[in-house]
Amino acid sequence: MEINSKGVKNMLTSGPVVVMQVPEQFNAGAVQSFMEELGPLLDSNRPRIVLDCSQVRSMDSVGVEALLQCLEEALKRDGDLKLASLSPEAEVILELMRVARVFEAFQTSEEAVRSFNAIPVDAAPQDAPWYSAVFGDLGALKQAS
Amino acid sequence: MVVGAVVIVGPSDWGDASMELSTAKLQLKYGSLACMEVLGRTVLGRTIEELMRGKVHSISVAADFSFSSAVVGEDNVGFSASKDVWRTASEKAASFNADAVLLIRLGAYMEFDAADMLQFHGVHGKPVTRACNDDGWLDLWVIDPKSVAGHDNDLRSSLQSTAAASYVVSGYVNRLESPRDMRRLVADGFAARCDFRPQGSEVKPGIWMAPGAQVERGARIVAPAFIGGNSKIADQCLITRGSNVESNSQVDYGTVIENSTVLSNTYVGIGLDLSHSIVDGDNLLNLQHGVMLHISDPVVLRQMRDSRVRSGIDGSFLANLDVRNMAMPSAPEKGQ
């Protein structure tokens with residue numbers, strides 16, 4: 001399903017997971033507009049983002065820094081950012097800059113989206129803390145004790 | 001027996017252009033690969049040195065790119081730059097007044113016994129002798145200069161139309177048809193599988209350093225490895241798994257170079273992980289992924305110094321040829 005909510009282009013959603021295409025030339029010039037598009041999503045609660053890197057042909061240190069920044073923001077808000085369909089160029093650059101292992105990467109966007117759904121976080125309300133999916137309602141537990 | 005040699009650095013023009021795309025992108029094609037410094041010396045420089053040792057009286061290099069005036073002015077070896085290298089080679093071969101002329105197109109790195117090949121040529125009495133090995137023909141001939149004159153100075157036609165005796169080269173041959181071959185040549189040089197040995201001092205077993213190479217105390221070099229002249233390896237770097245850093249290059253703080261070649265005049269930035277690659281300035285060829293990248297970020301990779309020096313055509317080639325110290329048994333070729 002393709003949407004253009006929040007001004008984000010090239011974006012697909014699969015449930016609460018957002019899939020976004022990384023531009024072909026992901027360098028200093030392209031990072032600003034990319035971040036402007038992705039920023040509102042990162043500000044949301046528990047952002048779950050998949051970046052499709054299949055089109056990436058070049059990426060500079062600013063681009064890599066932007067990816068790391070996005071990952072950091074997503075993790076801060078109890079979400080995650082995963083990479084999918086890494087082009088050989090993207091793979092080489094991420095390896096060169098020693099950040100390949102920082103990201104969880106998948107062969108396809110679908111696999112990356114499914115990986116989010118592997119943990120039944122959808123069962124928990126979106127505004128509940130992350131541990132509620134695992135431990136349930138701690139308040140009820142406390143009352144019972 | 002007076003023997004001359006013409007070394008052609010340029011295309012063969014008869015259909016062996018099926019080179020990897022990445023090769024073309026890296027501009028390692030044909031002659032330029034032979035002019036790139038590998039383990040401290042170019043294939044062209046090593047070939048000329050070998051010919052000089054083999055008592056070849058006159059040597060001329062015909063290339064499809066221009067040399068600097070300093071190189072052209074060398075006394076012992078004649079250099080000619082022209083688009084039609086084969087015609088130039090033909091003219092040079094005819095001008096030698098030699099009994100036999102060795103003709104080599106680089107290309108391939110070949111270790112052969114010139115004296116043995118010349119003797120074979122003399123015994124078989126054919127106007128052309130062409131070398132081959134198990135993988136097929138090599139671009140190495142011995143020609144009778146008179147046969148060249150009979151073909152209107154068209155050396156290519158002459159070589160193609162004349163029935164040639166085939167001489168089998170039993171020595172080491174690397175056809176250098178792709179960057180992968182270059183890495184193989186480096187590995188073979190380190191392992192002493194050929195005479196393509198690193199130029200410099202073996203400071204520890206399997207670690208060679210050329211004059212002027214600087215390695216910071218906190219850097220680690222794991223054998224086999226080669227650090228070229230005036231190169232700098234910064235603190236906390238690791239150079240390992242048969243890597244070679246050629247002359248005037250710099251590897252900055254904390255970077256790991258693994259199973260890779262850093263060609264001359266290249267800067268490799270801070271905290272990088274370079275593996276299974278060949279780097280030439282801001283171009284990176286990853287052999288594992290088969291990807292050629294142009295890195296526009298000078299913090300990561302960049303060309304150092306004058307671009308004329310980088311290809312090895314001028315500076316590194318001249319520096320490593322060392323023709324002045326090599327005695328020539330007869331009068332050098334004049335009028336280049």
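Predicted model: local features only at pLDDT ≥ 70, side-chain atom pairs only at ≥ 80, totals over all residues.
View 1. Most peptide bonds, by contrast, are trans.

**View 2. Asn97(B) has a positive phi.** The angle is about 55°, although Asn97(B) is not a glycine. Most residues other than glycine have a negative phi. The place of Asn97(B) in the chain is the loop between α5 (85-95) and β6 of chain B.

**View 3. Chain B meets chain A through 14 residues on each side.** Put together, the two chains bury about 1200 Å² between them, and 62% of this area is on carbon and sulfur atoms. On the side of chain B, the residues that lose the most area to chain A are Asp273(B), His289(B) and Leu293(B), which together account for 39% of what that side buries.

**View 4. Arg98(A) and Asp273(B) form a salt bridge between their side chains.** The distance from N to O is 3.7 Å, and across the interface of chain B and chain A the count of salt bridges is 1. Polar contacts between the two chains come to 5 residue pairs. On the side of chain B that touches chain A, at least two residues are supplied by each of β24 (273-275), β26 (283-286) and β27 (291-294), and that side is made up of 7 nonpolar, 5 polar and 2 charged residues.

**View 5. The largest cavity is lined by residues of both chains.** The model has 1 cavity of 30 Å³ or more, and the space in the largest cavity is about 40 Å³. From chain A, the lining takes in Val92(A), Glu95(A) and Leu96(A), while from chain B it takes in Asp273(B), Leu274(B), Ser275(B), Ser277(B), Leu284(B) and Asn286(B). Two or more of the lining residues come from α3 (88-96) of chain A, and likewise from β24 and from β26 of chain B. Sorted by class, the lining holds 4 nonpolar, 3 polar and 2 charged residues. Asp273(B), one of these lining residues, is also the partner of Arg98(A) in the salt bridge of the previous view.

Technical notes
Residues numbered from 1 in each chain as written. Chains lettered and ligands numbered in written order. Heavy atoms only, no water. Contact = heavy atoms within 4.5 Å. Buried area = accessible area lost by both parts, 1.4 Å probe. Salt bridge = Lys/Arg side-chain N within 4 Å of Asp/Glu carboxyl O. Polar contact = N/O pair within 3.5 Å; in protein donor to acceptor, adjacent residues only side chain to side chain. Helix = DSSP H or I, 4+ residues; strand = E, 2+ residues; numbered from the N terminus. Nonpolar A, V, L, I, M, F, W, Y, C, P; charged D, E, K, R; others polar. 1 Å grid on protein atoms, 1.4 Å probe; cavity = no way out; pocket = protein on both sides within 12 Å on 5 of 7 lines; lining within 4 Å. Points joined across faces, edges and corners; volume = space filled by probe spheres on them.
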